[in-house]
Amino acid sequence: LDFKETLYDFSGVSREEQLRKRGLFAKDILCMKNTPRSESAYIVLGVKCLPNGSKELKGLARQVDDALLQEQVGSLVNPHPKFRYIPILYDGKQFGVVEIPVDRSVGPCLPTRDVVGAGLKARLVYVRRNSRNSEADHAEEKNVWQWFNDAPGVRLEPSRGSQEPAQPFPKVIVLIPGYAEWSGPGRQRASGTVTLIKGTTNVIV
């Protein structure tokens, strides 16, 4: 789970600046995608993280089309990771949620090129380490490859244009604000204004 105060911005006065911003987005997706887990990962947009650990529901000035986000990853990552953008309206404010489901049909997903300023290097494995995006160390990389390899029918090497059937996304309901407990596997106390409850339906609270 990660939070962003604003939408991803892909504008720039130069191609290099635009590429850097695309690379930062791609890195966020890669780290979530490659991290071994049993449930979807989320990036919540429109929420400001305060120094004391609490969250402020700022909202977004506008929404973005899912197709635009898919295009930003296009030539930078192989294979293309599965994710979707969900626009949310709550209490007169707009929010967005990027959901990265558990999809082990292809992967790990790797950068296809170096991106200066975004911390991306071609063919390296990136993961989520606690609350940070990180280049996988040796043990983490081994764990990632094993996680994908252990899935039935999965190849060790990522391939371009996989034809594996896509798994359906779960339904998402958004309820803000509140405190809640994680109701999925491995129950744990979740604190903060925005958190996740897993059940038959994904709920963002």
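Asp 65 caps the N-terminal end of helix 2. One of its side-chain oxygens lies 2.7 Å from the backbone nitrogen of Ala 67. Such a polar contact is a pair of N or O atoms within 3.5 Å; within protein, one must be able to donate a hydrogen and the other to accept it, and residues adjacent in sequence count only if both atoms are side-chain atoms. This is a predicted model: local features need pLDDT of at least 70, side-chain atom pairs count only at pLDDT 80 or more, and totals for chains, interfaces and linings use all residues. Residues are numbered from 1 along each chain as its sequence is written, and side-chain values use heavy atoms, with hydrogens and water left out.

**Overall make-up**
- The protein has three helices and 15 strands. Both are DSSP runs, numbered from the N terminus: helices are H or I with at least four residues, strands are E with at least two.
- Of the 205 residues, 48% are buried. Buried means under 20% relative accessible area, exposed over 50%, and partly exposed in between (1.4 Å probe, protein chains only).

**Helices**
- In helix 2 (residues 66–73), the buried residues are Leu 69, Gln 70, Gln 72 and Val 73.
- They sit on the same side of helix 2, because they cover an arc of only 155 degrees around the axis. The arc is that of the directions from the helix axis to the C-beta atoms.
- These buried residues pack against helix 1 (15–34), strand 5 (77–78), strand 6 (84–90) and strand 7 (93–100). Contact means heavy atoms within 4.5 Å.
- Helix 1 is mostly covered, with 14 of its 20 residues buried.

**A hairpin**
- Strand 9 (residues 126–129) and strand 10 (residues 132–135) pair in the antiparallel sense over four bridges. Two strands pair if DSSP finds at least two bridges between them.
- Val 127 stands opposite Ser 134 in strand 10.
- Two residues lie between the strands of this hairpin, and Asn 130 in the turn has a positive phi of about 60 degrees.

**Aromatic rings**
- The structure holds five aromatic pairs. Rings of Phe, Tyr and Trp (its six-membered ring) pair if their centres lie within 6.5 Å; planes under 30 degrees apart count as stacked, over 60 as edge-to-face and the rest as tilted.
- Tyr 8 and Phe 10 are stacked, because their ring centres are 6.4 Å apart and their planes are at 5 degrees. Both residues are buried.
- Trp 147 and Phe 148 pair edge-to-face, at 5.0 Å centre to centre and 70 degrees between the planes.
- Tyr 8, Phe 10, Phe 25 and Phe 83 form one aromatic cluster.
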